[in-house]
Amino acid sequence: MARNETHDRKEEPVMLVRPAVKSLGLDYLHVSLIILVAILIALAFALSLFRPGPLVSNCSYGITANGTCTAPEHTAAEALNASERVLASYATTNSILSLLPYYSLPNQSVVSYISNQSEWLVTIPYKDPTVNYTKFYFNILLYNSNLSVAHAFVQAPLPASITHDRVSAYGAVSIYGKTACTFAPNAPVPVYGFIDPYAPGAILALESGINASNKIHSANVSYKFIFTGYSLALYKTYGVNATQQNGADLWCASMQPSRFPAYLANYSILFNGDPISASNLYQVAQGSGLNLSEFNACLASAPQKLNAQAAFAQYYGVETTPMYVVDCQYQTIPQTLGAAINYSLQQLRG
């Protein structure tokens, strides 16, 4: 019997291949690739938006939060100028701090901007005459918005008001609104001493003027005798005429510069803070070698001249004595008179 060939062949395994499931006509592989491309595009777009800005360097006053240079509203020069005005205003205070403007060194000042506080810090050194002229520092914090005072590191209250005067150099305070004197080329620079004869230190102030005249031949020192509160306190006891007579005699003696040092030396022997009698004043004039004819003629016109000198002092804003005005524009005290004169001469010479 013939064998069935169909049964003799081995059955072979049959593999069924099913098509991949499709989504919108795409298989899983293509969908995955498309998603990956979309992610890469989104990442690139994000990086383009959030990439860091350009690197900022060499910013004088720091960098802001968004990476740009800080730009203060005022310059360092303006901050220094404002600080010099604050410092000059201490001259009007009734305290030891009134000497501070005249012992400061503004040419050695350091000005810094504090960006995170929006404030200027100005450090001005000064020499303290009570501690062997040791150098100390006066620090002022100014608001950047308007350069008003935020704080002063002096362990003292601020001046009641800020003047327009400005500290220009050691010993020299620029008087606001006043310009240099008008005088002939190569002539000595005018120096005016404003002195109440009864103010503490009046005689020492006159001696400072005499010393400046002897040492600095480019200065022409003259004196204006005014009557402030120190004189007013004596009016009730001695009367106006007797009190002011000391000022008249001192002024007329100063009009003879070569003999004035001798007169002042003799005057200081008799002076004890109260008015010297007219007879004693005349003996001082005689004993000092003054030209008595010129002296008496001067005394005859002294009351009118002294009134004019009071108006002259008011013009320069002199409120305390003794005080000197150099070249019609710089105010100084007797202790720093020489420095103020030298600074004025430097400005004139350019």
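The largest pocket in this structure holds about 540 Å³ of space. The model is predicted. Its protein chain has 350 residues, of which 39% are buried, and its secondary structure comes to eleven helices and ten strands. Of the contacts in the chain with a separation of 6 or more, 63% are between residues 24 or more positions apart.

**The largest pocket**

- The lining of the largest pocket is made up of 23 residues.
- Ser98, Leu99, Thr320, Thr321 and Pro322 are the lining residues that lie nearest the centre of this pocket.
- Helix H4, which covers residues 202–215, gives the most to the lining, with three residues.
- By type, the lining of the largest pocket has eleven nonpolar residues, eleven polar residues and one charged residue.

**The second largest pocket**

- The volume of the second largest pocket is about 360 Å³.
- A set of 18 residues lines the second largest pocket, and Asn220, Val221, Ser222, Ser254 and Pro257 are those that lie nearest its centre.
- Two or more lining residues come from each of these elements: strand S7 (189–195), H4, strand S8 (219–225), helix H6 (240–254) and helix H7 (260–270).
- Strand S8 provides the largest share of this lining, six residues.
- The lining of the second largest pocket divides into eleven nonpolar, six polar and one charged residue.

**Helix H10**

- Helix H10 runs over residues 302–315 and has 14 residues.
- From its first C-alpha to its last, H10 reaches 20 Å, close to the 20 Å expected at 1.5 Å a residue.
- Ala302, Leu306, Gln309 and Ala313 are buried in H10.
- Viewed down the axis of H10, the buried residues fall within an arc of 55 degrees, so they line one face of the helix.
- Among the elements that cover these buried residues are S7, S8, H6 and helix H9 (292–300).
- On the face of H10 turned away from the buried side, Gln304, Asn307 and Gln314 are exposed.

Terms used: Residues are numbered from 1 along each chain as its sequence is written. This is a predicted model: local features need pLDDT of at least 70, side-chain atom pairs count only at pLDDT 80 or more; totals for chains, interfaces and linings use all residues. Side-chain values use heavy atoms; hydrogens and water are left out. On a 1 Å grid over the protein atoms alone, a cavity is a set of points where a 1.4 Å probe fits but cannot get out, and a pocket is an open set with protein on both sides within 12 Å along at least five of seven lines; lining residues have an atom within 4 Å of a point. Grid points are joined across faces, edges and corners, and a volume is the space filled by probe spheres set on the points. Helices (H or I, at least four residues) and strands (E, at least two) are DSSP runs, numbered from the N terminus. Ala, Val, Leu, Ile, Met, Phe, Trp, Tyr, Cys and Pro count as nonpolar, Asp, Glu, Lys and Arg as charged, and the others, Gly among them, as polar. The expected span of a helix is 1.5 Å times one less than its number of residues. Buried means under 20% relative accessible area, exposed over 50%, partly exposed in between (1.4 Å probe, protein chains only). The arc is that of the directions from the helix axis to the C-beta atoms. Contact means heavy atoms within 4.5 Å.
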